Amino acid sequence: MLQSYIIFAEALKRLRADKDGVVSFEYVIVAACVVAAVAAAFGTGGANTLATTLSTAITTVGTAVTTAVTTH
């Protein structure tokens, strides 16, 4: 267990000193935030998801176009 801790601590020290590693780590954090935002926007749970709202809007526009075409 102590050996694993030492290896982990040394890896963190190298990561802290390596500027490229910090930038890579920042990209990982940004990517995780993007994934979380997309999952929240297009999630399958709830009735107020973005996907449900877009689907309802497209259906409404389609109905309005069909009505306008058939009445004129």
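Reader: What is pLDDT, and what does the protein average?

Author: pLDDT is the predictor's confidence in each residue, from 0 to 100. This protein is a predicted model in which local features need pLDDT of at least 70 and side-chain atom pairs count only at 80 or more, while totals for chains, interfaces and linings use all residues. Residues are numbered from 1 along each chain as its sequence is written, and side-chain values use heavy atoms, without hydrogens and water. The protein averages a pLDDT of 76, and 75% of the residues score at least 70. Where pLDDT is low, the predicted coordinates should not be read in detail.

Reader: Which elements does the protein have?

Author: Helices (H or I, at least four residues) and strands (E, at least two) are DSSP runs, numbered from the N terminus. Here there are three helices and zero strands. Among these elements, mean pLDDT is lowest in helix 2 (75) and highest in helix 3 (83).

Reader: How is Leucine 54 classed: buried, exposed or partly exposed?

Author: Buried means under 20% relative accessible area, exposed over 50%, and partly exposed in between (1.4 Å probe, protein chains only). Leucine 54 has a relative accessible area of 44%, so Leucine 54 is partly exposed. Leucine 54 is found in helix 3. Across the 72 residues of the protein, 4% are buried.
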